[in-house]
Amino acid sequence: MLGLCILLAGCTGTEENTPVKPEPAAETGDYESYAAAINDRIKADAWTAAVSSRYTFSYEDESSAIYEMDGTLDAQDADGNVSGRLKEHINGNGMASSMDGYYYDGRLYNTYNGIVSYYEDMPFADLKKTLLVPLEPYAVPEDSLEGLYVSEEEGQTVYTAVLNESSRKDLFLSRYDFYGMDQLSDLHVLSGRIIDSFDAEGRLIREEADFETEASYSGHRINVAYHSSLSYLGFDSVTVAVSDEQKKEQSSYPAFADIDTGSIETADVPDDSAEATAAATLRKRLVNRLGYEQKSEDVYELIYNDHEAYAFDFANGTFTYSNYTINYVYNWKGDVATMGKCTFMFETENASSDCADTTIEMMNHVRDFLRMELYYCGLSYDEFIKEENA
């Protein structure tokens, strides 16, 4: 895995950081059910994992700095032969970097910053570690908990584990921290919580972690808030395809040990930093990351192949998937999809009389297409929808 040089200085600003405090759910949770939900969870042979993590540094002069990363991994296990599609973006210390790779036959074929390509041999377990956020949940020992809470939210079972003082530092450093916070002086982890959400079938669909820390650097106090999220979707429906043409090109990649690291360090990567709003960030990254073309002030379109296309219309709050002459339109403001005379309301699951079951199934796929475009752009679907409907 390509080494990352991470420095304390970041993208400086003046916004005050307000760490997220634990907000327990209404009911005290049962530890046995919590541990069973994690350890006995239903697993899939194919899935997409979307991750993000952020460090927010607050300094004594009231300035702040942000170091953040996001990534996705599509995985498919076909008869014991695991293949994967990896995308990762890092912003911090005034610079941006990206990775875009394919994994098959025990080897990652990766392109760094869009210009340097190489391969690395590694087990799939090591590939998952490159996302820097744990992809497997962990049942925190009962004696490490200050509190455990459970709630039911929109058909999901949500466990909130609040860590006690004696355990939160070790768990943060060993499981979540990839920045190297243990290298700072006088590190204290003031609070920590982990939230795991499971669907009705018992599959993990989301994990969030929040830690508030303080430390010393060059004699100055620093407050650091950490947040990470992991989302799963596409259970048993994701496919990872690598064409013969791609394999032919990738066969010419040199080994990582043989590449010119100087060209990596000086790569010119377009500005990928987050904007003031999720919509503004999405507009920028649709173009920079995914190759969309801005067709007008509010419309962005990607021609995927000779018969498929994707389009965002920010003025009307719609995402459209086109396949030949058929257009599926999802309106994220109303959580409703249309195709011809068919209209489907996701919240109530009400459908017009013109809707076939196959059409409704495809509408669910289209909403997942939107989720994936957001994840590829480092954005949470839930947070984007909440902001757009505020």
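Analyst: Start with the geometry of the link. The bond between C342 and C355 is right-handed, with 105° about S-S. The two cysteines sit in distant parts of the chain, 13 residues apart. C342 belongs to strand β19, residues 342-345. C355 lies in the loop between β20 (350-351) and α7 (357-376). The model is a predicted one. In it, the sulfur atoms of C342 and C355 are 1.9 Å apart. The structure holds 1 disulfide.

Next, burial. C342 has 2% relative accessibility, which is under the 20% cut-off, so C342 counts as buried. C355 is at 16%, again under 20%, and therefore also counts as buried. Another cysteine, C377, has 0% relative accessibility and counts as buried.

Now the aromatic rings. The whole structure contains 38 aromatic pairs. One of them joins Y67 and Y179, with ring centres 5.6 Å apart. Their planes meet at 80°, over the 60 degrees required, so this pair is edge-to-face. Y67 is in strand β3 (residues 64-78). Y179 is in the loop between α3 (168-176) and β10 (185-198). The pair therefore ties together parts that are 112 residues apart in sequence.

Y310 and F319 give a stacked pair. Their centres are 6.1 Å apart, and the angle between the planes is 25°. Y310 is buried at 12% relative accessibility. F319 is buried too, with a relative accessible area of 0%. Y310 and F319 both belong to one aromatic cluster, whose members also include Y292, Y300, W332, F369 and F384.

Two charged ends sit over rings. The charged end of R371 is placed over the ring of Y381, 3.9 Å from the ring centre. The charged end of K87 sits over the ring of Y376, at 5.9 Å from the centre.

Last, a polar contact. The side chains of D210 and H227 meet at 2.7 Å. D210 is part of strand β11, residues 204-217. With 7% relative accessibility, D210 counts as buried.

Note on methods: Residues numbered from 1 in each chain as written. Predicted model: local features only at pLDDT ≥ 70, side-chain atom pairs only at ≥ 80, totals over all residues. Heavy atoms only, no water. Helix = DSSP H or I, 4+ residues; strand = E, 2+ residues; numbered from the N terminus. Buried < 20%, exposed > 50% of the residue type's maximum accessible area, 1.4 Å probe, protein only. Polar contact = N/O pair within 3.5 Å; in protein donor to acceptor, adjacent residues only side chain to side chain. Disulfide = S-S within 2.5 Å. Phe/Tyr/Trp six-rings, centres within 6.5 Å; stacked < 30°, edge-to-face > 60°. Lys NZ or Arg CZ within 6 Å of the ring centre and 35° of its normal.
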